[in-house]
Amino acid sequence: MAVRIADRLAQGLIVGGGIGTIVAVSMVCIFLAWVVLPLFWAPSIEPAVDVPPPWSSSPPWHVAVDEHQNSAWALKRDGSLDVVRLDPPHAGQLLHERKLFDNPSLSAAAFGLEGDEAAFGFADGSFLMGSIRMRTSFVDPKRLEAPFRGMKPGEVRLVEGDLVERTSQGQFRRQSLQIELGEPQPTGSAFPVASIDFSMRSSGPVLATLCADGSARLHSLRSVRSMETGETDYRTQTAELAYPQRSGRARPTRILVSGVGDNVLVAWRDGRLVRFDARNPRQPRLAEDIDLVSEQDASLTALGYLIGKATLVAGDSTGRIRGWFRVNRAEAGMPDGKTLVAAHELPGPGSAVRCLAPSARSRMLAAGYEDGSVRLFYMTTEELLLETRTEGPPSVLAVSPKDDGLLAVTPTRLTRWRIDVPHPEATLASLFTPLWYEGDKRPAHVWQSTGGNDTFEPKLGLWPLVFGTLKATFYSLLLGVPLALLAAIYTSEFLPPKARSRIKPTIELMASLPSVVLGFIAALLLAPLVEGLVPSVLTSIVTVVLALLSGGYLWQLLPSAGRVQLAPWRFVFMCLALPPGAAAGFWLGPLVERLLFAGDIKIWLNGGAGHATGGWMLLLLPLCGVATAWLLASRVNPILRRLGADWTAFQAAVFDLVKFVLAVLAALAAALAVSMALSAAGFDPRGDYLGRYEPLNALIVGFVMGFAIIPIIYTIAEDALSTVPEHLRSASLGAGATQWQTATRIIIPTAMSGLFSAVMIGLGRAVGETMIVVMAAGSTPVMEWNIFNGFRTLSANIATELPEAVRNSTHYRTLFLAALVLFSLTFILNTVAETVRQRFRKRAFQL
Amino acid sequence: MTKVKVLAAVLAVTICGSLVVVQALDTQATKPPPSKKASAGKASVAARASGTQRGPQVKVDSKLAKYVHADGVSGAIKSEGSDTMNKLMQFWTESFQRYYPNVQVEVQGKGSATAPTALIAGTSNFGPMSREMKSKEIDEFEARFGYKPTGLKTGIDMLAVYVHKDNPIKGLTLPQVDAIFSKNRKGGYEKDIRTWGDLGLKGQWANKPISLYGRNSASGTYGYFKENALFDGDFKDSVQERPGSSAVVQGVARNKFAIGYSGIGYITADVRAVPLARNEGEDFVPAEADYAYSGEYPLSRFLFLYVNHEPRSELEPLRREFITYIFSREGQEDVVKDGYLPVGAKTAFDALSSVGITVAQ
């Protein structure tokens with residue numbers, strides 16, 4: 001009875017534990033998915049305000065919304081500035097109207113994308129710089145009159161001409177317009193300024209003006225700022241921008257200055273664009289003369305920059321918007337080695353683009369079309385985020401400073417929408433397919449998640465991280481698995497049980513080293529050591545193996561009586577071969593470096609000198625070695641066995657040694673021949689599998705992570721081999737098979753499922769390993785198989801970037817997605833491993 | 001049982017052995033053998049001289065007030081943020097504790113990006129940042145508190161481009177620095193710079209590839225360098241990101257052919273700060289105090305201390321006194337002690353009044 005109860009109890013516990021584990025794992029999965037899913041939720045838009053505009057005659061030139069979307073200011077063509085309320089019950093109410101410029105009359109204006117600066121051009125050919133901004137301040141509640149103190153959170157009231165909002169935390173937030181205008185300066189032309197633009201350089205603003213006579217000029221206002229006093233001093237220099245005239249064409253209509261003021265663009269209505277290289281603002285040079293609109297009958301209808309002023313957006317009369325940016329392309333033959341390329345294309349509804357409005361903090365772009373539709377795009381992914389309509393064609397659009405609102409002005413309506421686009425930069429395509437990032441020559445997989453400011457284009461390609469994970473796993477398995485499996489076979493099949501019982505716990509002890517210690521050793525001890533001895537390390541990998549093998553062949557030369565006596569100490573004798581092997585490696589290293597790698601392997605790897613033969617040797621020698629060994633075993637050995645049936649043991653041993661030396665030479669010769677052939681054919685391994693040497697690289701990680709996974713693979717493999725029934729072993733040995741034949745033909749096939757799961761568990765460990773790669777992998781998210789450079793794994797990336805990510809930002813959620821990817825990677829690997837193992841196991845049972 | 005003991009002993013010996021070796025290697029790396037020292041000659045002497053001279057050269061603005069002890073200060077200073085300012089925060093808190101021994105201090109410096117999160121969560125009361133807060137971070141803060149966080153300019157940092165002390169390079173222009181570190185070359189340099197030979201160095205340097213060291217992306221240093229030296233371009237993927245400023249300097253000290261960037265406060269005798277010029281044809285400006293004040297040195301920035309100050313409210317005594325201390329003569333002397341430049345009396349006054357502290361100017 002008691003036994004039955006205990007039985008039931010145990011069963012219940014086990015079942016409960018199992019279900020609990022499954023539940024726990026699924027909970028982790030659900031939690032990850034919970035954080036990740038909002039990345040892919042569709043953006044939303046809802047109308048907030050739709051009223052007739054307060055201005056009747058002069059339409060606005062430019063509108064801007066304050067960050068709380070309570071008001072907007074509009075600069076009108078007559079030079080006056082209106083402030084309009086946008087909070088729903090009072091929307092459309094005019095707060096102020098201020099005449100900024102009366103005489104001379106305003107003819108052009110430009111506004112900074114990120115800052116508050118603005119530039120104005122006038123009909124008399126002068127310009128000035130200024131700033132317009134909504135300043136936020138907090139009102140002392142004691143100074144407010146009684147009725148205002150009773151305002152509810154979220155309520156907006158007019159106090160002394162400014163809007164005051166009660167925040168959700170109870171403060172009174174006041175928004176007031178601040179306008180500062182500088183002194184007018186002459187452009188150098190008496191004609192009205194037709195277009196103006198500016199950029200802030202670290203040395204001061206750079207302005208470009210285009211006058212009605214078609215003359216374009218660049219003005220650099222050099223400011224000398226004192227960090228001690230904070231005062232600024234301006235000096236102006238003007239340079240003419242001379243462009244070649246095309247016969248019978250109209251005057252240019254727009255002028256633009258790029259972000260750091262190093263480029264000036266002059267555009268015509270037909271789509272012609274002339275680019276000036278203005279890195280030296282005193283002497284701008286003509287750099288490029290291209291057509292933004294290739295179709296004959298189409299014309300350029302809207303032109304502007306995205307945030308950062310590096311991507312030019314051009315909308316045309318067919319409704320297409322294209323994003324252009326400069327890329328380094330010396331072969332195009334432009335004087336500054338760069339050329340504009342149309343990297344992105346945003347689809348339109350089929351009618352002409354009327355106006356464009358970039359976001360002030362992301363790569364979003366709002367576009368208004370002739371047919372009254374308004375679209376919101378994300379440039380990097382070319383995705384259409386939102387679409388809506390207005391009554392009549394919108395003449396001006398504005399995206400609110402926090403990217404949470406959109407304002408459109410049409411001749412008859414003033415419309416504001418509340419938008420919610422939390423993660424425009426993340427789509428499945430942007431995470432897993434190559435994207436064309438600003439300034440790159442071609443689309444690529446890039447992981448570069450953080451920048452210093454908002455103009456930064458987040459690059460959230462996960463492939464480099466997945467690749468890094470696979471690379472780390474591959475190289476550590478390459479070094480760890482053969483060692484661990486062979487060691488397991490050796491200890492279980494060839495060592496006396498007494499030695500085995502000592503060696504096994506010793507190797508298991510290796511597992512007790514924390515991975516952070518291993519990473520530390522790798523980064524601080526191994527990396528500098530290997531860096532100084534690259535060629536020697538490479539040659540000793542070969543020489544140590546050869547020395548051990550020759551040790552084995554030399555052992556056979558011992559007289560058989562002595563050999564049997566010494567057999568228990570065979571392992572110690574084998575170890576004697578190690579020092580000569582290592583010594584040979586170190587001695588050969590510099591020689592090989594001189595012969596094959598032009599005297600300095602690091603320069604050779606960098607592609608600086610020498611020819612490709614050495615690299616191919618490096619790659620092909622192990623392959624040729626394995627191929628020769630296979631040929632010997634399968635083709636040559638059976639013949640020799642027949643021939644040498646009546647030789648003495650010593651004769652056979654000598655013959656074996658000769659065969660080994662010949663085989664080594666043959667492998668070397670084969671590798672050399674193939675390498676030279678490949679090299680002569682023009683193939684160079686540098687760039688793909690070999691390349692630039694970095695001190696922290698995959699080789700180092702391979703060594704150390706290989707070391708870390710050896711104990712776990714070894715233990716499981718050894719257990720699997722030892723549990724092969726003793727009767728199989730005895731039967732095989734009894735039938736006259738050697739120990740080696742027994743091991744390779746009986747024991748290993750029987751234990752295959754165990755060996756396989758050992759490797760798979762090692763693989764799982766390597767995929768998820770974090771500390772070693774954080775410390776020793778160099779943290780460079782590159783996608784190259786090159787064993788001599790670094791990489792960044794999913795796990796290391798999560799460990800280093802999660803503490804810095806802004807909570808619930810796209811970056812934060814993407815890191816959780818990386819965790820989910822890592823989880824599914826291990827999950828898939830383990831599932832595959834388990835099914836394969838089951839299959840092997842079934843076969844083993846049939847034995 | 002005995003087996004376990006033996007194994008434990010073996011483990012202990014292995015760990016001790018490896019630690020000793022690491023230690024030995026470490027000292028070897030920081031102390032070059034005497035023969036090398038002689039050959040290094042002028043370069044190392046110059047580096048050391050400029051490292052030590054900067055201290056006495058920089059004078060704290062005499063218009064800054066001396067710190068006076070106040071009553072009622074208690075509680076804990078919890079700071080989370082910039083790694084660049086970590087040492088500085090420690091200097092400040094140590095000196096502050098001399099006035100108020102019962103004040104507890106917790107300073108963590110994992111990177112500027114950790115500061116806003118901690119301030120918003122309320123787990124810290126000071127957020128040192130070596131860059132200004134980004135708009136997303138300000139939004140989060142504003143969504144939680146209704147007002148924006150207050151950033152105080154507590155000091156000036158010069159970002160230096162470091163090379164090994166034996167490196168003969170005279171100076172670099174910003175477009176060259178850009179071409180070394182960035183893959184887009186927005187600075188406009190004609191070609192990619194991969195080897196020291198590309199910068200005109202001869203002899204053994206000519207075909208040696210340049211190893212790149214940089215800070216991890218959490219740091220304000222990373223962002224500032226990206227914005228100002230790379231012209232908002234992207235770092236090459238081959239830049240090795242190090243978790244701390246001193247790790248970058250150490251990396252450069254160990255690798256003769258390396259280049260890295262970090263705050264001037266971390267300079268050691270084994271590295272040299274390269275003089276910089278904004279553009280080709282301009283004079284190279286060394287990373288020295290006078291040039292940072294005059295605005296000629298192209299990579300200087302403010303070091304910020306962010307606090308959660310509700311507008312029109314008074315700070316409690318602990319934060320009020322700590323901020324007053326920072327902007328006192330003593331506090332700014334700590335800035336100098338850490339290798340950064342102190343702010344002037346006007347900046348200090350502006351900072352104090354932005355959090356509602358009034359002091360006699």
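## Contact between the chains

In this predicted model, the contact between the two chains draws 63 residues from chain A and 58 residues from chain B. On the side of chain B that touches chain A, the elements giving two or more residues are the helices α1 (2-30), α5 (114-121), α6 (135-145), α8 (220-228) and α10 (289-294), together with the strand β7 (240-242). Of these, α1(B) gives the most, with 7 residues.

Sorted by class, the side of chain B that touches chain A consists of 21 polar, 20 charged and 17 nonpolar residues.

## Chain B as a whole

Chain B contains 13 helices and 11 strands. Of its 361 residues, 52% are buried. When contacts in chain B are taken between residues at least 6 apart in sequence, 74% of them join residues at least 24 apart.

## A sheet in chain A

Chain A holds an open sheet of 4 strands, in the order β2-β3-β4-β5, and the pairing is antiparallel. Its edge strands are β2 (60-65) and β5 (94-99) of chain A, each of which pairs on one side only. On average, and with direction ignored, neighbouring strands of this sheet are turned by 15° against each other.

Strands of a sheet pair through backbone hydrogen bonds, in either a parallel or an antiparallel manner. Within this sheet, strand β3 (residues 71-76) of chain A runs antiparallel to strand β4 (residues 80-85) of chain A, and 5 bridges join them. Which residue in β4(A) is the bridge partner of A72(A)? The partner is V84(A).

Notes. Residues are numbered from 1 along each chain as its sequence is written. Chains are lettered from A and ligands numbered from 1 in the order in which they are written. This is a predicted model: local features need pLDDT of at least 70, side-chain atom pairs count only at pLDDT 80 or more; totals for chains, interfaces and linings use all residues. Two strands pair if DSSP finds at least two bridges between them. Axes are lines fitted to C-alpha atoms, for helices over the stretch in contact, and angles run from 0 to 180 degrees between N-to-C directions. Two residues are in contact if their C-beta atoms, placed from the backbone, lie within 7 Å. Ala, Val, Leu, Ile, Met, Phe, Trp, Tyr, Cys and Pro count as nonpolar, Asp, Glu, Lys and Arg as charged, and the others, Gly among them, as polar. A residue is buried if 20 or more other C-beta atoms lie within 10 Å of its own, exposed if 12 or fewer, and partly exposed in between; C-beta atoms are placed from the backbone.
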